[in-house]
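Trainee: Could we go through a few positions in this model together? I would like to take them one at a time.
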Amino acid sequence: MPATPGLVPNIRLDQPQDEEILGDDVVVEIIEGDNDGSDDPANLLEIEHPDGSISISLDGRPIEEKAASADRSSWFRNLAEEIEPGILTMIASDLLEGVRDDIDSRKDWIDDRAQGVKLLGLKIEVPNTQGTADGAPIEGMSKVRHPLLLEAVLRFQANARSEMLPTDGPVKIRNDSNQPTLPQDMLANALQRDLNHYLTATATEYYPDTDRMLFMLGFGGTAFKKVYFCPLRNRPVSETVDADDLVVSNDATDLSNAKRVTHRTYVRPSTVKRLQILGVYRDIDLSTPKEADRDSYQREIDAQQGIKSETFKPDDRDRELYECYCELDILGFEHRYKGKISGLEVPYRVTIDVSSREVLSIVRNYNEDDQELPTARETFVKYTFVPGMGFYDIGLLHILGNTTNAVTAAWRELLDAGMYNNFPGFLMADTGARQNTNIFRIPPGGGALVKTNGMPLSQAIMPLPYKEPSGALMSLVTQIADTGMRVGGISEAEVGEGKADAPVGTTLALIEQATKVLNSVHKRMHTSQAKEFQLLAQCFRENPESFWQRNKRPAYKWDEKTFRDALDNYEFVPQADPNTASQSQRLMKIAALKQLATATPSLYDPIAVDTAALQALGWSNPQQFMVPPQALAEKPPPEMLKAMADIENSKSNAAARMMDSQTRAKEIDAKIADDQARFALEAEKSKNGMSDKMMDAHNDHQNRMSQERIQLIDLAQDILQHPEGVAMIEPLIRPALEEIYGVPPKPGGQ
């Protein structure tokens, strides 16, 4: 039987159905598969039918694996194609009503977020002016907003991005083996490199999308990531879902126990048509998209950006879809326990077009091997700033919102007070003559004609007693802003100004105190990102080829079996350190490590220490700065050898001179001692005392000895100040100097 070149056919002997018949008794079904070169006899022949029919695999691939691979796609097929229209209508009505209740239950939360968007001060607002030609100011002219909330959000976003999204990729591979081998390390490194390549080069939307999520996480306190296999891009993706677009039932405390989780999304009609062509959605006619009913938060977002989302052309409208993750008991797909219908509602994913109220797809949301008591598959990952009292968490909006309002009001009062002080209003007597206008703006050096009907000008016009901006109010504004920055965890730690002699421990304590809030947020984000990577790994297990199919130069020649083994043996964890929330803390750790390595060099590997230091400084390839291993065994250049020899000669000469000075000093001291003994003996013999001649001789001798001692001291001082080898020579000099001086001399020849 002919086969496709390069492929080995699989022959299955089974009962006659629609297969090609060869002869009278043999039935053969041709299934072409890849030839992976396996020749394991255990995989070539298997009897699996009681009647004697057999299944043969000639490509070395187990038949159970073929069946599992074929059934995986059928298990997660679109069940809406097999459900009666009446049942689909009931499902859509019940879910739409439930989602509407969930949206209404969080109306106050949505309104707070809309007010918070205004507090960011991102929209340009001009001061209020009266509708006159000269533009006179009116009450409440200023519209400036204090940037306290915006500064806090931007600081958090910048710090979180540098930690959670490093340049060389966000994933690190962890090997929990007790005794890792070299092949395991090589495979782990290859997996880490290719996965980071996937998230930075293949899934190019990951970094900018996550960056945007960090802004909204700091602002509102809650953000979500959706990890799934995209049928259009044919690969796993991890995309941000705004908290406003993830509707959760009001009785939920977390995603795992929510009765219903709905992802509200807006897609182009062409995208829906593509998914219908691929079989993801039912291929049915849908009504014209209606104008979406946008909430106050969505309207405020559009206002801050200066755009209008409404359109009168139906073809330009996006379709509003509800993707509901819920539990249902569907007729014809009932849950069975020990062969009997149990009535248990099991997890499904239902996609509904809001405009037409049509169900586009119903897909099982649990694994096939979990049919006894099904548990919902995880799709969403929740990122938390500060845990709140319910499902939605606390963000900088809740922490600094009221403070920002107070400081903004104070700023506006100060500006308005300054404006009225510079352009004060006035009262005019009604006995004055009729004026053309009661608004006067006198230019510098100019004047204006005022009719007073003969009254003195000072009596006809009285300026209002406006005061200049209060210093007490300005001080209060500063105090409120400082308190808000401290509570929000964005205050500056003044550890370097005017404290050059501050102890290191005090400095570290100040930095730790200032970053305590940020450290706790960073640890929560680290946990969420680790869960995100675990869901991404699960997507790759189910679709392994999508991992390497777009990588032109992979670090390892992957196949399905090797890749699955690697995923089972290793864990994906974030590159970020959960105990380090900023670059300054990382540099302090490196500085402490360098100090320890310098203090006890025998306990540390200098190459490893310097490698960690360079990586902390931002160099992804520290080895480029290091001497090659083969260069360590080579001889130094001649110039270096000559310099080293000169230093050694200087050390030797200095040591020899020092030894000579020590010997000479001992000889002088011995001679002095002999002379003193001789003089003492002669003095003893002479009862009448020492003669003048003997006394003079004794004094001359003492002077001569003192001069020699001074010369030796000068010689020792010169040697001690020698620039080469002082550290080695000084221990040899010190005993002689102690003998000469009687006390230890000061370093440096002092």
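Predicted model: local features only at pLDDT ≥ 70, side-chain atom pairs only at ≥ 80, totals over all residues.

Trainee: Is Asn-551 buried or exposed?
Mentor: Asn-551 has a relative accessible area of 10%, and because buried means under 20%, Asn-551 counts as buried.

Trainee: Which residues does Asn-551 touch, not counting those up to four places away in sequence?
Mentor: Asn-551 touches Asp-194 and His-197.

Trainee: Turning to helix α8, which of its residues are buried?
Mentor: Helix α8 covers residues 296–305, and Tyr-297, Gln-298, Glu-300, Asp-302 and Gln-304 are buried there.

Trainee: What do the buried residues of α8 pack against?
Mentor: They pack against α3 (107–119), α6 (206–220) and β10 (261–267).

Trainee: Which residue caps the N-terminal end of α8, and what follows the helix?
Mentor: Asp-295 is the cap, with a side-chain oxygen 3.2 Å from the backbone nitrogen of Tyr-297. After α8 comes Gly-306, which has a positive phi near 75°.

Trainee: Where does Leu-464 lie?
Mentor: Leu-464 is in the loop between β18 (461–463) and α11 (471–488). Its relative accessibility is 28%, so Leu-464 counts as partly exposed.

Trainee: Leaving aside neighbours within four places in sequence, what is Leu-464 in contact with?
Mentor: Its contacts are Gly-425, Phe-426 and Leu-427. The C-alpha atoms of Leu-464 and Tyr-420 are 9.6 Å apart, although the two are 44 residues apart in sequence.

Conventions
Residues numbered from 1 in each chain as written. Heavy atoms only, no water. Helix = DSSP H or I, 4+ residues; strand = E, 2+ residues; numbered from the N terminus. Buried < 20%, exposed > 50% of the residue type's maximum accessible area, 1.4 Å probe, protein only. Contact = heavy atoms within 4.5 Å. Polar contact = N/O pair within 3.5 Å; in protein donor to acceptor, adjacent residues only side chain to side chain.
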